[in-house]
Amino acid sequence: MREASMDFVTKAIPEATLAAGEPLPFEAEDFKFCSFEMAALMARSALYKAVNHEVSSRTGSRDSLASVLQSGSKQCNGTMRTIVGIGCAAAVTSNGRRGENQAFVVALTLSSEGLRVKRWHLKMEKGLRTRAQEESLVGSLLVTVLLHCAQGGERSAPHMEGWEAALGQEDRLEFSDESSETEDADASRASELWNGIPKVLEGKASHAIVLPGGNRSIDLAAMPLPCKCLVFPGSFNPLHGGHVRMAEAAVSRWMAEKKQVLPILYEITAFNADKGAIPLETVQRRVEQFSAAVAAEEDSDAAESIRVGPEKVRAAVAVTSVPLFSQKAELFPGSVFLVGADTAKRIVDPKYYGDDHENMVAAIAELYAKGCSFIVGGRTTGNGSFELAEDVLDDAALPRHLREMFWTLSEDEFRVDVSSTELRNAQTPAV
């Protein structure tokens with residue numbers, strides 16, 4: 001269906017562990033195969049496969065999430081199509097089975113508005129239908145759910161006129177969306193599959209990704225991360241226009257030199273090398289900046305120059321547990337890191353390598369071996385002068401092949417005389 005307006009990627013109806021595509025994240029004795037947990041696990045796997053298909057059909061290469069992390073951006077050639085992943089775990093009539101006849105359906109819908117999560121629970125009256133009839137009923141529900149999600153359905157339950165006529169008096173269909181409160185333990189544990197930030201802080205996952213325009217994070221610990229992204233590490237406390245413009249300048253530079261799309265992936269490390277884990281509330285507030293309007297106070301001299309709105313920040317945010325660039329290179333192999341001159345200075349300073357220049361060169365050589373490179377922007381110093389990235393790197397006396405890992409932005413390409421520190425000092429910090 002490559003020429004169709006919508007692509008149906010795949011369906012999988014093997015054993016549950018195979019459909020999930022990964023080891024089960026729950027203890028076997030606590031896990032029910034017919035549950036919201038299993039449906040959510042399969043939906044997540046289905047969504048990931050659908051995302052990979054979208055990337056392949058758009059760019060001709062499988063860069064994992066790379067081309068959809070920046071939905072609707074001009075670099076990605078247009079708006080993002082709705083991508084749907086659906087999982088179903090059902091138990092139908094069979095000889096000698098005592099449990100309920102039921103089906104759990106979870107639908108994950110990814111669009112330019114972010115990630116939506118919807119759940120359906122169908123309870124079927126026992127003894128009313130044959131096995132084939134129950135399978136047909138569950139299949140009809142899945143088709144209805146698929147059409148509802150693919151057509152950009154609202155958060156309310158899909159209209160079931162016609163389909164509901166097939167339900168008996170004792171049948172029940174329950175619907176809930178991502179904003180619904182539930183006391184169902186299975187549904188609550190299933191929702192944890194796409195709430196990855198707490199897992200990062202608890203040491204149960206190395207990373208989570210918050211997709212553009214959304215406020216829910218997806219735990220991708222068992223799946224490959226984007227390849228060849230512009231990874232922009234920082235605390236973003238607060239996020240301001242300088243960050244966004246620096247990222248835009250880096251993408252423009254890469255496009256001009258390489259003629260390749262380089263989606264932006266902002267990265268917030270949840271662990272401070274000196275202070276340990278950052279509180280969950282702090283991390284969440286910093287992440288939320290990327291989907292909420294962020295602006296300077298009106299009485300700030302720099303207000304207009306640093307104003308940021310959600311329409312400008314159309315990029316994903318990764319929350320990770322890796323503070324060191326050697327660790328980041330393991331997590332983002334082949335990526336381009338965007339840093340300021342102050343960070344670049346620390347990267348090439350032998351002081352951080354036991355005051356040994358050879359150790360510093362060896363450490364950067366490891367990053368080189370992983371296919372990583374850097375784009376470095378200049379910065380305004382405390383005395384008002386502008387520190388060029390080239391000056392910082394030329395003083396490091398790196399071998400030529402390692403020096404060529406570092407691309408520098410000229411003052412004409414990027415200069416914004418504002419910093420997060422200045423903004424924090426100018427007002428009471430919110431985070």
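User: What share of contacts between residues at least 6 apart join residues at least 24 apart?

Analyst: In the protein chain, 68% of the contacts between residues at least 6 apart in sequence join residues at least 24 apart. A contact here means heavy atoms within 4.5 Å.

User: Ground rules before we go on?

Analyst: This is a predicted model, where local features need pLDDT of at least 70 and side-chain atom pairs count only at pLDDT 80 or more, while totals for chains, interfaces and linings use all residues. Residues are numbered from 1 along each chain as its sequence is written, and side-chain values use heavy atoms, with hydrogens and water left out.

User: What's the mean pLDDT of the chain?

Analyst: The mean is 74, and 63% of the residues reach 70 or more. pLDDT is the predictor's confidence in each residue, from 0 to 100.

User: Which elements have the lowest and the highest mean pLDDT?

Analyst: Helix α8 (residues 303-306) has the lowest, 38, and helix α11 (residues 357-369) the highest, 96. Residues 293-311 have pLDDT below 50, though the model gives that stretch 28 contacts beyond near neighbours in sequence. Where pLDDT is low, the predicted coordinates should not be read in detail.

User: OK. How many helices and strands does the chain have?

Analyst: There are 14 helices and 16 strands. Both are DSSP runs numbered from the N terminus: H or I over at least four residues for helices, E over at least two for strands.

User: And how much of the chain is buried?

Analyst: Buried residues make up 48% of the 431 in the chain. Buried means under 20% relative accessible area, exposed means over 50%, and partly exposed is in between (1.4 Å probe, protein chains only).

User: Let's look at β11. Why is it largely enclosed by the rest of the structure?

Analyst: Because 5 of the 5 residues of β11 (residues 316-320) are buried. Both faces are covered, with A316, A318 and T320 on one side and V317 and V319 on the other.

User: Which strands pair with it?

Analyst: Strand β5 (residues 207-210) runs antiparallel to β11 and is joined to it by 4 bridges, with V210 opposite V317. Strand β8 (residues 264-269) pairs with β11 in the parallel sense over 5 bridges, and there I268 stands opposite V319. Pairing needs at least two DSSP bridges between the strands.

User: What does V287 touch?

Analyst: Not counting residues up to four places away in sequence, V287 touches I197, V210, I268, V317 and V319. V287 is also one of the residues that touch the most other members in the largest nonpolar core, which has 36 residues. A nonpolar core is a set of buried Ala, Val, Leu, Ile, Met, Phe, Trp, Tyr and Cys residues joined through side-chain atoms within 4.5 Å.

User: Which element gives the most to this core?

Analyst: That's α6, with 7 residues. A second, separate core has 30 residues, including C229, V322, F337 and A396.

User: Tell me about α6, then. How many residues has it, and how far does it reach?

Analyst: Helix α6 (residues 241-258) has 18 residues and reaches 25 Å from its first C-alpha to its last, close to the expected 26 Å. The expected span is 1.5 Å times one less than the number of residues. Its buried residues include H243, M246 and W254.

User: Is D355 buried or exposed?

Analyst: Exposed, with a relative accessible area of 64%. D355 lies in the loop between α10 (341-347) and α11, and its phi is positive too, about 55 degrees, although it is not a glycine.

User: Last one: where is F374, and what is it in contact with?

Analyst: F374 is in strand β13 (residues 373-377) and is buried at 0% relative accessible area. Beyond its neighbours within four places in sequence, its contacts include F325, V336, F337, L367 and W407. V231 is 143 residues from F374 in sequence, but their C-alphas are 9.3 Å apart in space.
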